[in-house]
Amino acid sequence: MIKKLLATTALVAFATTSTMTIAQAAEVEGPEVKWNVSLWGKKRAFTAGFEKLAELVSAKTDGKFTMTLHYGAALSKSRENLDGISVGAFEAAMTCNFYHPKKNAALMVLTMPFLPMSGWDDNRKIRDAVYAHPAIVKEHAQWNAMLYMSSYLPQYEFLGKGEPPMKLEDWKGKTVRAGGGVGKAMKVMGATPTSSTATEVYTGVQQGTMDAASFPFTYSHVAYKIHEVTDWFTANLSPGTSDCPLVFSKSAFDGLPEQYQKLLMDVKDEAAKAQIQAYIDIDKVNLPMLEGKLKKVTYTEEQLSAFRAAAGKPVIDAWIKENEGKFDAKGLVELVYSTVGRKYE
């Protein structure tokens with residue numbers, strides 16, 4: 001009886017152990033691979049998609065493939081992440097197109113003012129389509145980089161200090177943090193744009209070297225505590241946005257086993273959805289706080305139409321002309337519009 005009981009116990013233990021082994025088995029088998037990812041700033045809504053990516057990759061390989069996220073520019077300055085990718089200093093990095101416009105001139109199309117990103121679906125469709133354009137692929141290949149996923153930034157708004165610009169002409173003479181096409185649009189309004197990095201803005205506004213700062217609204221202003229040193233915010237100016245992708249080292253990606261390459265592509269949709277949801281969730285917290293603390297500046301449709309007429313198509317047309325012969329600038333602009341069923345005219 002004792003022998004029979006011991007045998008039964010052993011069988012149950014074996015079955016339990018086997019079940020646990022199966023439950024813990026990786027969905028994707030492969031060797032140990034460790035990637036370093038260069039980021040700047042702290043963990044925030046902006047990094048949510050990349051955090052989800054790292055989580056998924058590790059979970060599905062049972063910890064064999066790990067992506068370590070290095071915050072606070074620990075591996076590289078924000079403006080130098082493409083350089084780091086090019087020399088193999090790390091395997092992945094966040095970049096922002098207007099931090100180094102000459103390095104990614106074609107990607108600057110996503111900074112053009114008033115692009116038709118009226119909702120999150122259009123935002124994602126447009127960025128994904130642009131990433132696949134041959135001109136974008138080619139210019140990043142020069143840096144040994146491949147664009148993986150956008151951070152799908154929301155529309156920009158301004159937070160500012162001092163007298164609020166209640167009318168469009170009130171922007172004249174103000175120094176504003178605005179890069180790329182958004183900066184050019186504000187220049188048409190008489191403002192002086194500067195493309196300071198995100199981490200430089202708080203001090204700039206606090207010390208009075210800039211009057212207002214445009215950031216993806218609302219997450220970025222609050223993440224960098226700009227609301228602590230400002231008096232007002234624009235609620236519906238929406239002059240445009242920029243693009244800050246997660247890029248991979250092309251050689252690092254090409255060196256992965258095929259199953260890991262496929263895994264990265266398979267989980268991209270889930271990571272992108274997590275990124276967008278993070279913005280939606282943080283707005284629910286930030287917007288009421290900003291409305292309670294700062295003066296809200298809202299423009300009439302007549303004022304916005306005048307802004308778009310003066311600083312929209314003229315700025316885009318000038319960008320197309322400036323880049324004629326360098327890459328298919330017009331084709332990129334037309335792609336942005338056609339992706340969401342619109343025509344650029």
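A charge sits over a ring if NZ of Lys or CZ of Arg is within 6 Å of the ring centre and within 35 degrees of the ring normal. The charged end of Lys268 meets this rule with Tyr148, at 5.3 Å from the centre of the ring. Arg79 lies over the face of Tyr99, and here too the distance from the ring centre is given as 5.3 Å.

The model is predicted, and local features need pLDDT of at least 70, side-chain atom pairs count only at pLDDT 80 or more, while totals for chains, interfaces and linings use all residues. Residues are numbered from 1 along each chain as its sequence is written, and side-chain values use heavy atoms, with hydrogens and water left out.

Next comes the chain as a whole. The protein chain holds 14 helices and 11 strands; helices (H or I, at least four residues) and strands (E, at least two) are DSSP runs, numbered from the N terminus. Its C-alpha trace spans about 95 × 50 × 40 Å along the principal axes. The chain has 345 residues, and 51% of them count as buried. Buried means under 20% relative accessible area, exposed means over 50%, and partly exposed lies in between (1.4 Å probe, protein chains only).

The accessible surface of the protein chain is about 15,900 Å², and carbon and sulfur atoms hold 55% of this area. Accessible areas come from the Shrake-Rupley method with a 1.4 Å probe; for residues, only the protein chains shown count as cover. The chain carries 40 positive and 38 negative charges, and the mean positions of the two sets are 2 Å apart. In this count Lys and Arg are positive and Asp and Glu negative, while His and the chain ends are not counted. The place of a charge is NZ of Lys, CZ of Arg, CG of Asp or CD of Glu.

A contact means heavy atoms within 4.5 Å. Of the contacts in the protein chain with a separation of 6 or more, 79% are between residues 24 or more positions apart. The C-alpha atoms of Phe233 and Phe158 are 5.5 Å apart, although 75 residues separate them along the chain. Phe233 counts as buried because its relative accessibility is 0%.Leu107 is a second example, placed in the loop between strand E3 (92–94) and helix H4 (120–131). Leu107 has a relative accessible area of 0%, so Leu107 is buried. Its C-alpha atom is 6.2 Å from that of Ile136, 29 residues away along the chain. Again leaving out residues up to four places away in sequence, Leu107 touches several residues, among them Val130, Ile136, His140 and Pro245.

The aromatic rings come next. A search of the whole structure finds 18 aromatic pairs. Rings of Phe, Tyr and Trp (its six-membered ring) pair if their centres lie within 6.5 Å; planes under 30 degrees apart count as stacked, over 60 as edge-to-face and the rest as tilted. The pair of Tyr219 and Tyr279 is tilted because the planes stand at 40°, with the ring centres 5.2 Å apart. This pair links distant parts of the chain: Tyr219 is in helix H8 (residues 219–223) and Tyr279 in helix H11 (residues 268–293), 60 residues apart. Tyr219 and Tyr279 are both buried. Phe248 and Phe253 form a stacked pair, with 6.3 Å from centre to centre and 20° between the planes. Phe248 and Phe253 are both buried as well. One aromatic cluster is formed by Trp40, Phe46, Phe98, Tyr99, Trp120, Tyr219 and Tyr279.

Some details of the backbone and loops remain. The peptide bond from Phe217 to Thr218 is cis, with omega near 10°. Thr218 is in the loop between strand E8 (212–216) and H8. Tyr152 is not a glycine, yet its phi is positive, near 50°. Tyr152 is in the loop between strand E4 (145–150) and strand E5 (156–160), and it is buried because its relative accessible area is 2%. Ser238, also not a glycine, has a positive phi of about 40°. Ser238 lies in the loop between strand E9 (232–234) and strand E10 (245–249). With a relative accessible area of 26%, Ser238 is partly exposed.

Glu80 is in the loop between strand E2 (65–70) and helix H3 (81–86). Glu80 has a relative accessible area of 39%, so Glu80 counts as partly exposed. Between Glu80 and Thr95 the C-alpha to C-alpha distance is 8.4 Å, and they are 15 residues apart in sequence.
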